Every structure is written in C-alpha cells, then in structure tokens.
Amino acid sequence: MRIRTQVIDTGIGMSEEFLPSLFEAFARERNTTDGKIAGTGLGMPIIKKYIDMMYGTIEVESKQGEGSKFTVTLEYRIADKSYYEQDTEKSSDVDETDRISGKHILLAEDNDLNAEIAQFILEDMGLMVDRVEDGVQCVSRIEQKPAGTYDLILMDIQMPNMDGYKATEVIRDLADKSKANIPIIAMTANAFEEDRKKALAKGMNGHIAKPVDIEKMREILQNTFKR
C-alpha cells in the first residue's frame, strides 16, 4: 500500500531559489547569527537519506513569509495472515533494549553527516553519545576522563591525524587497564571479511559496516553489553 504524508506549516518559508539546495549538507538560507534560528543544516539531508533508503520520495513546496509543505510518499507491505498468528509473548525485545538503554557511547567520526546520523540512531535506542572527530581526540578523551565514563567506543577507521586502528592500539596499551579494556566497535565503510578480521586483530570487539543497518547495530551493541 502507498501512504502519502504531508506536513504543512505557516512559518517563514523558503525562497524558490533556495529549494534546489535544501537537501544538501549544511545548506541554510539564513545563517544562525542573522536569523536567530539554531541548526546545522543537516536535518533535511538526513531525512532525505532515510527516505531514499526506504525507496520513497519527498517533495517540497514553499514561499517566503507563507510557509512550507513537505510531502513524503512511501510504500508498505500489507501483513499476511502468518504475521498475526506469530507468538509475540516469547519476544524479549524490551529486556534487550533495557540492556543498552542509558549506556554512554564515545563516537569517533570525522564526517559531520555520518556523525549526526549515527548519533540520531544511537540516541533513539536510549543511549547517550559524545562525539570526537579523530583518533587523537578519542585517545585524549579516554585518557582525560575517569574510567567508566564511557561504556563503549564506536570507532571510524579512516580519520585524519590518527586512524581508528592506531587509536585502538594506543587505548589498548594504556596503563589503566579499566580504560584499556573498554569495548571498541569499528564502524566503517570497509565492509569485507578481511576488514572485519583486521579490526579484531587490532583489538576491536566488533565491526559494523556503513551504511549502518540499525537492527544490526542494535544486535552488536546488545551482544557487547552481555559480556
């Protein structure tokens, strides 16, 4: 079935000239200083990426001073009889979610858009997230903060100044073993089996491929916190 959702406001609107760049990262028609409107210009690119992943469409109509209309169209499968006959009482999703809810994650990611998407996904799972932009900052944060501040590190591999592999090696060699043994999960576009093996060989506890599969990430985090 096809569902079309429209969100309409009577706000400040946007000019026709700006609309073609609306879904570009960091695109903003008015800057924060002049317009007193907070934001990074990443919200709409993230929304567009999610809609594209679901093979949907988004259309925008807007006029300055009059408001905007966003139209999202998505197709959904209609559940068959077997869906309604499945045994839901055996599900332990609530318990599994409770296991990761409230955990504190350090996200090492140099790409702003990737970082914002990852932070959105993690916070939606009930996690608290701090972000650093490279391996040097990641190591420094672990060294400076008390042991136990973070429950896990999500580590991008290809970062400037110090990559994820080197950062992991440095952390594993810290004198404070409670810091050195923090779980570290690689989160990278390098998705081949040899990349996963290399991450484990460098001392990482797991490997998540980009673009991130939300359920796969949830499963890996749950399994990590079981240990």
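Here are a few questions and answers about the sheet and one surface patch of this predicted model.

User: In what order do the three strands of the open sheet stand?

Analyst: Happy to trace this one through the pairings. Strand β1 (residues 2-9) pairs with β3 in the antiparallel sense over eight bridges. Strand β2 (residues 57-63) also pairs with β3, antiparallel over seven bridges. The open sheet therefore has β1 and β2 at its edges, each with a single partner strand, and the order is β1-β3-β2.

User: Which residue in β3 does Ile-8 stand opposite?

Analyst: Good place to look at the other pairing, where β1 and β3 run antiparallel. Gln-6 stands opposite Thr-71 in β3. Ile-8, in turn, stands opposite Lys-69.

User: At about what angle does helix α2 run to β2?

Analyst: Helix α2 covers residues 43-53 and lies across β2 and β3. Its direction relative to β2 is about 145°.

User: Is Ile-78 buried or exposed?

Analyst: Ile-78 sits in the loop between β3 (67-75) and α3 (81-85). Together with Met-1, Ile-3 and Tyr-76, Ile-78 makes a nonpolar surface patch of about 420 Å². Its relative accessible area is 64%, and the cut-off for this class is over 50%, so Ile-78 is exposed.

How values were computed
Residues are numbered from 1 along each chain as its sequence is written. This is a predicted model: local features need pLDDT of at least 70, side-chain atom pairs count only at pLDDT 80 or more; totals for chains, interfaces and linings use all residues. Side-chain values use heavy atoms; hydrogens and water are left out. Patches are made of residues with over 30% relative accessible area and no salt bridge: like charges are joined within 9 Å, nonpolar side chains (Val, Leu, Ile, Met, Phe, Trp, Tyr) within 5 Å. Accessible areas come from the Shrake-Rupley method with a 1.4 Å probe; for residues, only the protein chains shown count as cover. A salt bridge is a side-chain nitrogen of Lys or Arg within 4 Å of a carboxyl oxygen of Asp or Glu. Helices (H or I, at least four residues) and strands (E, at least two) are DSSP runs, numbered from the N terminus. Buried means under 20% relative accessible area, exposed over 50%, partly exposed in between (1.4 Å probe, protein chains only). Two strands pair if DSSP finds at least two bridges between them. Contact means heavy atoms within 4.5 Å. Axes are lines fitted to C-alpha atoms, for helices over the stretch in contact, and angles run from 0 to 180 degrees between N-to-C directions.
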